[in-house]
Amino acid sequence: MVFASHDSVFPLIAGSCGLIFLVAAMFKRWNRYLLDLHNPDGLDWHYSMPEKYGHVARLKGGFFGADALYITDPAALSSILIRQQAWFPESTEFAGLFGIVHSGDGVASVKGREHRKQRKHMNALFTANRVSKLTALFYAVTRQLQSKLATAVAGKPPGQVVDMFDYLTRTTLELVGTAGIGHTFNSFDDKSKAFEEFHGAITSVLPLGSRMFLVLPFLESWRRMKPVWLRRTLASIAAFFWPTVAKFRAAIYSMHPVYVQIYKARQRLLEEGGSAALTETAADGKDLMSSMIQANWDADEADKMPDDVVLANMGSIVHGGQETTSSSLARFLTIVAEDSDLQQKLRAELQNAKAKKAPGEDLDYVEIEKLPILDAVVREMLRVYSPVTFIWRQTTKDVVVPLTHPIRSTTTGEEINEMLIEQGTAVYLGLAAANRSTAVWGPDASEFKPERWLNRTQTESKLPGAYSGMMTFLSGAKVCPGRIFAIFEMKLILSELLLAFSFDPVSEPIDWKMGIAIEPRVRGREKEGLQVPVRITVLQQVNNLRGAAPVREV
Ligand code: HEM
């Protein structure tokens, strides 16, 4: 065996170390802002952007030295999302990622005319009238939550600590499963394999995708690669050498067959018995997906969506409606647990509304939507704690956008009230940051003050956001289609929880970190995963909770 001498090895080691150091330093410099943008501990970095750097900030040091923009300016947001949205599509990285995650071209990964066509189908599902028809399904799932919680603390002293995040995650998946796609995951059964597998997959697939950030720019062309067998073979080879790819694929492979099975069952029913046969499905055909499949079935040939598009949109609906709502609900519970006055006021409002109903009769859609304190609290929570922190857009041609808050030109020093965004610039829209801009919401912008929504004049935001002027659900062509569903779902679950239980805080602080939505972790126990421990006590008057049977599966 031949050993190299010290003299020959040393320069080699020194050279390699130097090269690694240089590449690491350049990588860090190039990716400086990307590290800040995606830092799980970086929520304050986002929130402070408008106050620290103004409503347009240049982010220095992206890939290969390209700068990007971080925008919270109302007029610029309006132009980018509405008036000139055609030139600011979703990033190729995300379009590719969602296309692979949903195994097809659903709303999250198509643009322009195709996006408009699919959104027409989707928007029809989410009108207030349509969502109000889901009320009974929402109650059925919420009753299961109440039963499960009541059973967990039965016979134990008041103030038992329970991880409400786990319960709320189960609730939101069951609810979007039942009302969204007419499918039960048996989420309240601790031994439900269907829940464990699907939930594990849906919550891990995007974080796994973002860990593959080096290949994200190539996913969009990758997923269109032909022949398919070659793509699949290459993916298997990548999965063999890269465990993240293997887990990412496994997650997709455990979600997609569920959608296929539901879709095929609906199609069989339609073929055999026409529209009327859909009432035999899990949610009696009242779920949103049954409506979409039926509308697609009845549509003119030109308007029909192919099977893979309907399937991808099932994925978009379930994905869109999962972590965003469970994160918001968990946040809400921590707020009311900390603020017993607010909790009392909310409960009193609900009890008064219930007192006007016949015994055992539930509040309906309009009655829940009209509760002023609940409405103000939900609005304020979604403003101050937007579950989605920012979104990323590309610029496909040179575009001039107006500014509400003028900036100073770096070359002439002049004040300018419009700005040229050059083709190819990455544009980050700070949704959570805009929601806390003092120029828009006043000096107390970052404080949680539900009363601002009771005073109508304060709700006149200058932002283009579709919901009360806040950016939480975005606006324009890509505005969240599920916002009416989400708000009603949250209000209904919260009201049923507040009527059945009282909530008190635990002593350990909960830190909210940035993830796909904002994620709660107990300080010092981060490794245990996401959780929101809260003390709960069953209230006397609703002790006899009616258990509700899960929906039946086709
Ligand atoms: C608090 C709850 C929610 C928040 C804060 C939220 C927020 C958002 C935001 C900001 C977007 C735009 C993302 C982008 O363009 O990059 C979006 C899109 C979307 N959301 Fe939601 N969402 C929520 C609940 C829901 C629910 C309950 C559903 C369905 C039941 C849903 C379905 C969707 C879908 C399908 C899209 C993609 C729309 C498109 O690409 O055209 N969301 N949501």
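Predicted model: local features only at pLDDT ≥ 70, side-chain atom pairs only at ≥ 80, totals over all residues.
## Helix 9 and helix 23

Two packed helices are described by the angle between their axes and the distance between the axes. For helix 9 (residues 135–153) and helix 23 (residues 483–500), the axes come within 10 Å and cross at roughly 40°. The crossing of helix 9 past helix 23 is right-handed.

Helix 9 contributes Phe138, Thr142 and Gln146 to this contact, while helix 23 contributes Glu489, Leu492, Ile493, Glu496 and Ala500. Sorted by class, the contact of the two helices holds four nonpolar, two polar and two charged residues.

## The ligand shell

The ligand is surrounded by 25 residues, of which Gly320, Gly321, Thr324, Cys480 and Gly482 are the closest. Two or more residues of the shell come from each of helix 10 (164–181), helix 16 (307–320), helix 17 (323–338) and helix 23.

By class, the shell around the ligand comprises 13 nonpolar, nine polar and three charged residues.

Strands of a sheet pair through backbone hydrogen bonds, either parallel or antiparallel. Here, three strands in the order 3-11-8 make an open sheet with antiparallel pairing. Strand 3 (160–163) and strand 8 (501–504) are at the edges with a single partner strand each, so one side of each has no neighbour in the sheet. From one strand to the next, the twist averages 45°.

Strand 3 and strand 11 (residues 533–538) run antiparallel and are joined by four bridges. Val161 has Arg535 of strand 11 as its bridge partner.

Technical notes:
Residues numbered from 1 in each chain as written. Axes fitted to C-alpha atoms, helices over the stretch in contact; angles between N-to-C directions. Left-handed = near helix turned anticlockwise from the far one by under 90°. Contact = placed C-beta atoms within 7 Å. Nonpolar A, V, L, I, M, F, W, Y, C, P; charged D, E, K, R; others polar. Near = placed C-beta within 6 Å. Pairing = 2+ DSSP bridges.
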